[in-house]
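Please look over the sequence and the structure that follow, and then read the report below, which takes up a few selected places in turn.

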Amino acid sequence: MVTKAAEPDISARLGGLRLSVPTLMGSGCYGSGEEYASLVDLAQLGGVVLKSVTRLPRLGNDAPRLVPVASGLLNAIGLQNPGIESYLASDVAKFADRPCAVVGSVAGFSVDDYAFVTERLAARDEIDAIELNISCPNVGAEGETFACDPDLAERATRAARAATAKPLIVKLSPNVTDIAAIARVVEAAGADALAVINTVRGMAIDVDRVKPKLANVSGGLSGAAIRPIAVLAVWEVARAVRIPIVGQGGIETARDALEFVLAGATAVSIGTGNFTDPRVPLAVASGIRTYLAERGIATLAEIVGSANPGFRGAR
Amino acid sequence: MPVLETPPLVHETVVSDRREPFSDIVIIGLYAPKIAREARPGQFVMAVTPSGERVATALGIYEAAGDRISLMLVVVGPRTRELALLERGDRLVLAGPLGNGFQLQALGKNVALIAGGVGLASLLLPAQRLLADGARVHLYYGARTAGALVDAELFEAAGAGVSLATDDGSRGHHGYVTELLAREGRTHETIAACGPSPMLRAVGTLARTLGVRAQVSLEETFACGVGACWGCVVPLERSSAQAPAFPPVAPGETRDYVHARICKEGPVFWSDELRW
Ligand SMILES: Cc1cc2nc3c(=O)[nH]c(=O)nc-3n(C[C@H](O)[C@H](O)[C@H](O)COP(=O)(O)OP(=O)(O)OC[C@H]3O[C@@H](n4cnc5c(N)ncnc54)[C@H](O)[C@@H]3O)c2cc1C
Ligand SMILES: Cc1cc2nc3c(=O)[nH]c(=O)nc-3n(C[C@H](O)[C@H](O)[C@H](O)COP(=O)(O)O)c2cc1C
Ligand code: FES
């Protein structure tokens with residue numbers, strides 16, 4: 001009898017956070033996971049990054065907030081969320097029964113905001129790790145400043161680091177000249193992992209009505225349209241830091257995800273791909289397994305960064 | 001690609017029939033037994049674009065009987081264009097049924113249905129159910145031109161009265177469908193409407209004038225369709241039974257409403273509770 005080769009191990013480690021499957025669902029795209037539970041078996045996901053939460057409640061931007069564009073989506077939600085106190089009181093307890101990792105996402109407008117919200121949220125057992133969203137492009141000038149200024153990025157990271165011992169992922173913006181430079185200071189400030197990238201700034205104009213399509217005028221572009229931008233960003237960051245990277249931007253298939261892995265990402269995140277087809281995360285996980293099995297590779301970790309000669313991370 | 005296990009609301013359906021009653025209007029029938037069984041009037045599906053190149057499209061469930069449902073497509077852009085090319089035997093992945101449909105009980109026993117264009121697609125199941133439950137139903141149906149007024153006879157066959165309007169006057173009332181209702185002077189207990197936003201706003205105004213309540217089904221752009229992304233919001237009175245829980249907002253916020261997700265709290269809302 002032929003013994004079946006062991007299934008490849010596609011687990012991933014982000015600091016102290018272990019994912020049995022290397023797929024996180026992107027912040028703001030998957031709610032708290034529960035919203036998708038009727039469409040997807042959540043146990044087959046690595047984890048869900050929750051919608052970003054801020055210190056105070058935010059009603060978010062006016063509608064329209066979405067514009068579908070070629071190979072992607074423009075969004076300007078504007079960080080609508082109930083604020084940390086109401087979130088802790090009414091929402092967080094419901095995350096306890098998620099059969100996958102739960103990563104809290106923290107957004108802010110000051111260094112103190114990041115520290116405060118991180119401390120409050122990370123203190124809860126339901127939260128396995130924190131992602132610091134220092135890169136939201138849809139809340140006026142303040143939101144993205146943190147990811148675009150090395151000094152602010154460093155201070156926000158340091159403040160959040162001091163506020164929790166749980167794994168800390170910092171999410172970087174592509175809307176900078178030198179993403180590797182930001183990555184370096186964020187690593188030095190104590191981040192356990194980096195999420196690369198958030199959305200790319202963009203806009204669309206209704207030529208019949210002669211006005212911008214988004215109420216917020218500009219928005220964040222996501223989906224397949226930004227994938228090459230995101231792969232390059234991961235490539236560059238992977239040559240600059242040793243901490244693990246969560247690659248994201250337009251992942252819709254296992255081969256897309258593998259581009260990120262080969263560039264240097266330890267895990268991947270899927271946002272807009274879920275809107276294209278809710279089965280994308282399952283296809284990504286099974287396709288990665290098949291790819292490894294076909295090549296006789298035992299673990300995903302072995303191929304992280306293997307297309308990138310300058311890859312500095314640990315495998 | 002390997003065969004994927006699909007949880008309850010994701011369905012691989014197959015096109016069973018297709019007709020094109022007018023240029024750029026296509027009705028595709030699908031073998032979709034689960035959706036056909038479970039669909040409530042006013043619910044929708046998210047249709048995965050066959051090329052996979054764009055986000056899925058929200059479509060109202062037009063007909064549902066036996067093992068078959070149908071979808072009505074009006075070609076307005078790349079996704080509806082692609083879906084309209086589907087032929088008998090093609091596969092189509094649908095997530096659904098999704099959303100809260102019409103509150104039929106609350107519509108009472110004498111209902112005006114108002115359809116603008118493809119909004120008709122979300123009103124056939126409500127019409128059939130209301131009629132089956134013994135209500136009187138009259139359809140006011142508007143489109144840009146005579147040919148685009150498709151399938152009014154399905155409503156007549158179900159027992160509804162029908163009045164028509166066209167933007168170019170080629171059939172029925174020349175002008176807006178809301179004017180038609182006001183002009184024909186029939187009285188109704190309530191209104192249920194689906195169509196483009198400007199029409200639904202007009203329905204809201206008309207309902208207020210007539211002193212009746214209206215349920216309107218909104219057709220804005222969706223991304224997730226399941227309440228996860230907060231991309232499809234509409235301003236709603238805090239006091240609405242459909243308002244999502246939301247704390248009092250921060251100092252400096254002048255907006256006194258909440259944002260409800262059309263895909264999750266809706267797509268049907270009471271027009272007098274919307275703040276748009
Ligand atoms: C609950 C629900 C049910 C629906 N049911 C049906 C249905 O049964 N049949 C059907 O054909 N369609 C239906 N729609 C509408 C359909 O989902 C959209 O028209 C969809 O955008 C079509 O995609 P597209 O790529 O073909 O066109 P798109 O490129 O998305 O848009 C086509 C045109 O519409 C305009 N447009 C799109 N969104 C907006 C907006 N928010 N504000 C102003 N203009 C806009 C664009 O500018 C463009 O001119 C429904 C929508 C909802 C939310
Ligand atoms: C509708 C929408 C809402 C988003 N909201 C957030 C958010 O609240 N916080 C955040 O860090 N990223 C947010 N993002 C960014 C995504 O998490 C992701 O990083 C980005 O879209 C790129 O990945 P994708 O192409 O797979 O979507 C949002 C993206 C979309 C499309
Ligand atoms: S489309 Fe995502 S919340 Fe409605």
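## Ligand 1

In this predicted model, 20 residues are found around ligand 1, and those that come nearest are Ala58(B), Gly60(B), Met72(B), Arg79(B) and Thr80(B). Although these five residues belong to chain B, ligand 1 itself lies between chains A and B.

Some contacts of ligand 1 can be described atom by atom. A polar backbone atom of Met72(B), one of the nearest residues, is 2.7 Å from a nitrogen atom of the ligand. The backbone of Val74(B) also takes part, with an N or O atom that lies 3.0 Å from an oxygen atom of ligand 1.

## Ligand 2

Ligand 2 is surrounded by 20 residues, of which Ser27(A), Ser52(A), Lys171(A), Gly250(A) and Thr272(A) are the closest. Lys171(A) places a polar side-chain atom 2.8 Å from an oxygen atom of this ligand.

In Gln248(A), an N or O atom of the side chain is 2.9 Å from an oxygen atom of ligand 2, while in Lys51(A) an N or O atom of the side chain is 3.0 Å from an oxygen atom of ligand 2.

## Two helices of chain A

Helix 1 of chain A, which covers residues 84-91, and helix 2 of chain A, which covers residues 111-122, have axes that come within 10 Å and cross at roughly 10°. Because angles under 35 degrees count as roughly parallel, helix 1 and helix 2 of chain A are roughly parallel to each other.

Where the two helices meet, helix 1 of chain A contributes Ile84(A), Glu85(A), Tyr87(A) and Leu88(A), and helix 2 of chain A contributes Phe116(A), Val117(A), Arg120(A) and Leu121(A). Sorted by class, this contact has six nonpolar residues, two charged residues and no polar ones.

Val40(A) is part of the loop between strand 3 (23-25) and strand 4 (47-49) of chain A. Is this residue buried or exposed? Val40(A) has a relative accessibility of 1%, and because buried means under 20%, Val40(A) counts as buried.

If residues up to four places away in sequence are not counted, Val40(A) touches Tyr30(A), Leu45(A), Pro278(A) and Leu282(A), together with Pro7(B) from chain B. Val40(A) and Leu282(A) are 242 residues apart in sequence, and yet their C-alpha atoms are 8.3 Å apart in space.

Conventions
Residues numbered from 1 in each chain as written. Chains lettered and ligands numbered in written order. Predicted model: local features only at pLDDT ≥ 70, side-chain atom pairs only at ≥ 80, totals over all residues. Heavy atoms only, no water. Helix = DSSP H or I, 4+ residues; strand = E, 2+ residues; numbered from the N terminus. Buried < 20%, exposed > 50% of the residue type's maximum accessible area, 1.4 Å probe, protein only. Contact = heavy atoms within 4.5 Å. Axes fitted to C-alpha atoms, helices over the stretch in contact; angles between N-to-C directions. Parallel < 35°, antiparallel > 145°, perpendicular 65-115°, else oblique. Nonpolar A, V, L, I, M, F, W, Y, C, P; charged D, E, K, R; others polar. Near = heavy atom within 4 Å. Polar contact = N/O pair within 3.5 Å; in protein donor to acceptor, adjacent residues only side chain to side chain.
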